[in-house]
Amino acid sequence: AKRQGKNNYKIYSDMKDISSYKKYILDKDMRKALKNEEFEIYYQPKVNTEGIIVGAEALLRWNHHEWGLVSPGEFIPIAEENHFINDLGDWVIKEVCVQLKEWKEKGLTLRPIAINLSPIRLMKKGLVEYVKQQLELYQIPGNYLEFEITEESLLKSDHTVLSTLEDLKSIGTTIAIDDFGTGYSSLQYLREIHADTLKIDKIFVQHITDENKVDAAIVSSTMHLAKGLGLKVVAEGVEEYEQLEFLKQNECDIIQGYLFSKPVALETFEQMLQTGY
Ligand code: C2E
Ligand code: CA
Ligand code: CA
Ligand code: CA
């Protein structure tokens with residue numbers, strides 16, 4: 001950093017210290033936080049073009065006892081660095097299965113719940129066995145879980161990752177490619193992994209009505225590609241009616257975004273499941 005007199009430099013270095021201090025604290029507090037029930041799962045509905053709920057994405061929230069709500073954009077990278085993501089991710093899988101069982105018992109119509117799967121967990125042994133065990137424990141058919149993986153997971157598309165994904169499919173769970181188009185991998189992986197869903201990233205969706213039409217072209221070609229491959233498409237980050245209109249015209253089946261609903265706490269999501277929209 002450029003040094004503009006002693007005071008500016010000091011402020012700058014203090015700020016840096018605060019953020020690395022926060023990182024240090026979050027890193028240190030994670031394990032305890034899971035035991036203290038500071039983590040919570042929010043659900044963001046996915047809807048069809050009629051606004052009927054067809055599924056939801058499970059999204060982690062951390063209510064830190066001192067810092068308040070910490071965003072997953074902040075703590076997931078730390079959890080991936082220190083590998084706590086393995087325990088945390090397994091907790092999410094368990095919690096979602098517990099919820100599905102509860103919803104079933106309450107007589108609600110079950111919808112598939114999507115869970116974000118870190119590349120770290122995907123590459124570690126025992127994932128499929130764990131998922132299978134949880135499904136059996138709570139008597140949930142595999143097709144009620146979808147795993148969202150990013151292209152990053154497929155970069156080193158080695159044999160283990162491919163066979164893990166095949167094994168996940170063999171127990172009935174489905175696979176979605178998250179943030180499609182934002183990674184650096186080639187499209188070759190689409191031939192190798194048999195995904196069920198492509199999720200178009202919000203950075204494209206949010207600019208589909210721009211003058212320059214670049215993002216509109218990316219979105220409509222992705223739709224075309226997915227159709228050709230027999231995949232479902234979810235558009236993320238839909239915030240405006242104009243975006244919804246464009247997506248409908250391009251025969252996008254499923255929509256996720258603030259236009260319909262933000263991620264919501266369990267009770268609110270249950271009320272939504274009750275009415276179906
Ligand atoms: P993601 O998987 O791409 O999740 C979608 C993010 O977009 C969520 O942010 C969601 O709240 C946000 N979003 C949804 N609709 C809209 C919209 O219309 N406009 C805008 N501006 N944003 C929208 P969130 O909940 O902060 O999560 C951020 C990221 O953290 C996720 O991105 C995912 O990569 C990661 N994450 C969250 N929960 C988990 C988890 O349980 N496990 C793992 N491994 N990662 C997680
Ligand atoms: Ca996701
Ligand atoms: Ca995404
Ligand atoms: Ca993302």
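Start by selecting Glu81, which counts as exposed because its relative accessibility is 60%. Keep in mind as you go that this is a predicted model.

From Glu81, bring up Lys23: the two form a salt bridge, with the closest N and O atoms 3.6 Å apart. This pair links distant parts of the chain, as Glu81 sits in helix α2 (residues 72-81) and Lys23 in helix α1 (residues 5-35), 58 residues apart. Lys23 is partly exposed, at a relative accessible area of 40%.

Next, select Glu236 and Lys199, another salt bridge, whose closest N and O atoms are 3.4 Å apart. Here Glu236 belongs to the loop between β8 (232-235) and α11, while Lys199 is in strand β7 (residues 197-200). Are these two buried or exposed? Glu236 is buried, with a relative accessible area of 9%, and Lys199 is buried too, at 0%.

Now move to Glu251 and Lys227, a salt bridge with its closest N and O atoms 2.8 Å apart. Glu251 lies in the loop between α11 and β9 (254-255) and Lys227 in helix α10 (residues 214-229), so the pair ties together parts 24 residues apart in sequence. Both Glu251 and Lys227 are exposed.

To see a network, select Lys46, Glu57, Glu146, Glu148, Lys199 and Glu236 together: salt bridges with shared partners join them. The structure holds 15 salt bridges.

For a patch of negative charge on the surface, pick Glu239, Glu240, Glu242 and Glu245. Glu242 is found in helix α11 (residues 241-249).

Finish at the calcium ion (ligand 4), coordinated by Asp179 through OD atoms at 2.6 to 3.0 Å. Asp179 is in strand β6 (residues 174-180). The calcium ion (ligand 2) is 5.9 Å from the calcium ion (ligand 4).

Note on methods:
Residues are numbered from 1 along each chain as its sequence is written. Chains are lettered from A and ligands numbered from 1 in the order in which they are written. This is a predicted model: local features need pLDDT of at least 70, side-chain atom pairs count only at pLDDT 80 or more; totals for chains, interfaces and linings use all residues. Side-chain values use heavy atoms; hydrogens and water are left out. Donors are N, O and S atoms within 2.8 Å of the metal (3.2 Å for Na, K and Ca); water is not among the atoms, so sites may look incomplete. Helices (H or I, at least four residues) and strands (E, at least two) are DSSP runs, numbered from the N terminus. Patches are made of residues with over 30% relative accessible area and no salt bridge: like charges are joined within 9 Å, nonpolar side chains (Val, Leu, Ile, Met, Phe, Trp, Tyr) within 5 Å. Accessible areas come from the Shrake-Rupley method with a 1.4 Å probe; for residues, only the protein chains shown count as cover. A salt bridge is a side-chain nitrogen of Lys or Arg within 4 Å of a carboxyl oxygen of Asp or Glu. Lys and Arg count as positive and Asp and Glu as negative; His and the chain ends are not counted. The place of a charge is taken as NZ of Lys, CZ of Arg, CG of Asp or CD of Glu. Buried means under 20% relative accessible area, exposed over 50%, partly exposed in between (1.4 Å probe, protein chains only).
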